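These are my notebook entries on one structure. I set down what I looked up, entry by entry.

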Amino acid sequence: MKYFSTRNKNNIVDFRTAVMNGLAQDGGLFMPEMIPIFSKSFIENLDPFSFQEIGFETAKKFIGDEIGEQKLQEIIQRSINFPAPLVQLSDQLSVLELFHGPTLAFKDFGARFMAKTMEYFEKGSDKKLNILVATSGDTGSAVAYGFYGIEGIDVYILYPKGKISLIQEKQLTTLDKNITALEIDGTFDDCQRLVKSAFVDEDLNAKLNLSSANSINIARLIPQSFYYINAYRQIKDKSKPIIISVPSGNLGNLTAGLFAKKMGVPIEKFIGATNKNDVFTEYLTTAKFNPRKSELTLSNAMDVGNPSNLERIIELYEGSIDKIRDNVYSKSYSDEFTVEGIKEVYEKYNYVIDPHGAVGYQALKHFLSSNNLKNVNAIMVETAHPAKFKDVVEDAIQKEIEIPERLAVCLNKEKHSIVLDSKFKTLKDYLLSR
Ligand SMILES: *Cc1c(COP(=O)(O)O)cnc(C)c1O
């Protein structure tokens, strides 16, 4: 499969280049030349397929022959090695749980698949690959765990000192081996600026083989379509229309769902739920795209002021906002409604959701009631485990929640980080000395 840049259809590269470069040279995002379509009989007979087999069949179509079947199977087995169950809460409502990976958020799917794919393309090269990634929390840990222990690839995670939660920091700083946590005395924007400066610095590029692991990489998007197809497999009464609500920030998760829909999964409608950072909601309502600075909310992984995957969604629907509106609805919710959502789901269904899931729940509930939909499969996507946001969730439901073993383990480990100031020269000297 060939990939083109959303900013120039003539800028065409192979899958390997799209993955290893991340972003196109013209600043665009890579899109597959065509969205592969599954046969009707495949979609209607998913029962005998496991989640991993669905992943393999999907990935094969997006990658073609650039990775041999046996290798691809191995990549899937090593990256998609935890489940994505659809849990029924009522006749109408179910939850797609995407938090069963090592860092308890859906980003594990994309980060792990991307890491193993990069490992494959990097093998045999005599030059070490150095991944630089700036994080405000969740991305960094998923990337760190994804690349952990991979030979020939070193990862440097830059995070703002004192500005991420204890749990997030512990996840980043307790791995060691090929993962180095750089604690930057500055803000998340400083971290991002440092990474961007490093990529364009001649001395660094002459000496080091640098790459990014940022969320716009197509190798992070492809595996996220697997769990939508797998969710369809798990639906018991497939005759009822399917509505899926996705808590959204950078719109990667939503885009992957729209890929699955285009591939032939009969999903009636997607909802891209946003918090106060409602650039996407506003775009669908007013047709105006007005990127702006992000604001802090309780669902902080969705605090995005310039959602980069919108370029992909627009491309997917040939630039027609009406077509986008046919497929996607969006609504935005404040922190107050977020807390209310956590409370309501707990009281109604005895089920604990996290702040991101709660935004998705509110938008789904609104969509169902305003369209008077009573006989549908309504699915809310739960993007993180509630224990990652323990304080907010416990406050809302007035009850203590348990921390899963894999999270508790890293909380007891010792933090290792290298503190650097936010000057580019400091980072540069550090990297050159390695
Ligand atoms: C990253 C993240 C989101 C937003 O996903 P996008 O693909 O950026 O829209 C939602 N919830 C959680 C928990 C996340 O980590």
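**Entry 1: the basis.** I am working with a predicted model, in which local features need pLDDT of at least 70 and side-chain atom pairs count only at pLDDT 80 or more, while totals for chains, interfaces and linings use all residues. Residues are numbered from 1 along each chain as its sequence is written, and side-chain values use heavy atoms, with hydrogens and water left out.

Entry 2: Axes are lines fitted to C-alpha atoms, for helices over the stretch in contact, and angles run from 0 to 180 degrees between N-to-C directions.

I looked up helix α5 (residues 107–122) and helix α6 (residues 138–147), which pack at about 40° with axes 8 Å apart. The two helices are therefore oblique to each other; under 35 degrees counts as roughly parallel, over 145 as roughly antiparallel, 65 to 115 as roughly perpendicular, and the rest as oblique. I noted the crossing of α5 and α6 as right-handed. That term applies if the near helix is turned clockwise from the far one by less than a right angle, and left-handed if anticlockwise.

Which residues of α5 and α6 meet? On the α5 side I listed Lys107, Asp108, Ala111, Arg112, Met114, Ala115, Lys116 and Met118; on the α6 side, Asp138, Thr139, Ala142, Val143, Tyr145, Gly146 and Phe147. Contact here means heavy atoms within 4.5 Å. The residues of this contact of α5 with α6 divide into eight nonpolar, two polar and five charged. In this scheme Ala, Val, Leu, Ile, Met, Phe, Trp, Tyr, Cys and Pro count as nonpolar, Asp, Glu, Lys and Arg as charged, and the others, Gly among them, as polar.

**Entry 3: helices α4 and α5.** I then turned to helix α4 (residues 69–79), whose axis comes within 9 Å of that of α5 and crosses it at roughly 145°. The crossing of α4 and α5 is right-handed. Lys71, Ile75, Ile76, Arg78 and Ser79 of α4 make the contact with Arg112, Phe113, Lys116, Thr117, Glu119 and Tyr120 of α5. I recorded four nonpolar, two polar and five charged residues in the contact of α4 with α5.

**Entry 4: salt bridges.** Side chains of opposite charge can pair when their charged atoms come close. How many salt bridges does a search of the whole structure find? The search finds 24, a salt bridge being a side-chain nitrogen of Lys or Arg within 4 Å of a carboxyl oxygen of Asp or Glu.

Glu315 pairs with Lys9, the closest N and O atoms being 3.2 Å apart. Glu315 lies in helix α13 (residues 310–316) and Lys9 in strand β2 (residues 8–14), so this pair ties together parts 306 residues apart in sequence. Lys9 counts as exposed at 54% relative accessibility; buried means under 20% relative accessible area, exposed over 50%, and partly exposed in between (1.4 Å probe, protein chains only).

Asp203 forms a salt bridge with Lys428, with the closest N and O atoms 2.7 Å apart. Asp203 lies in helix α9 (residues 202–207) and Lys428 in helix α19 (residues 424–432), so the pair ties together parts 225 residues apart in sequence. Asp203 is partly exposed at 43%, whereas Lys428 counts as buried at 16%.

For Lys348 and Glu344, I noted closest N and O atoms 3.6 Å apart. These two residues are four residues apart in helix α15 (residues 335–349), which means a separation of about one helical turn.

The network of salt bridges links Lys161, Glu169, Glu183 and Lys415.

Entry 5: Returning to Glu315, I found contacts with Phe4, Thr6, Lys9 and Met31, leaving aside neighbours within four places in sequence. Glu315 and Met31 are 284 residues apart in sequence, and their C-alpha atoms are 8.3 Å apart.

Ile313 is also found in helix α13 and is buried, at 0% relative accessible area. Not counting residues up to four places away in sequence, Ile313 touches Leu251, Leu254, Thr255, Leu258 and Ile324. From Ile313 to Thr255 I noted 6.2 Å, C-alpha to C-alpha, and 58 residues in sequence.
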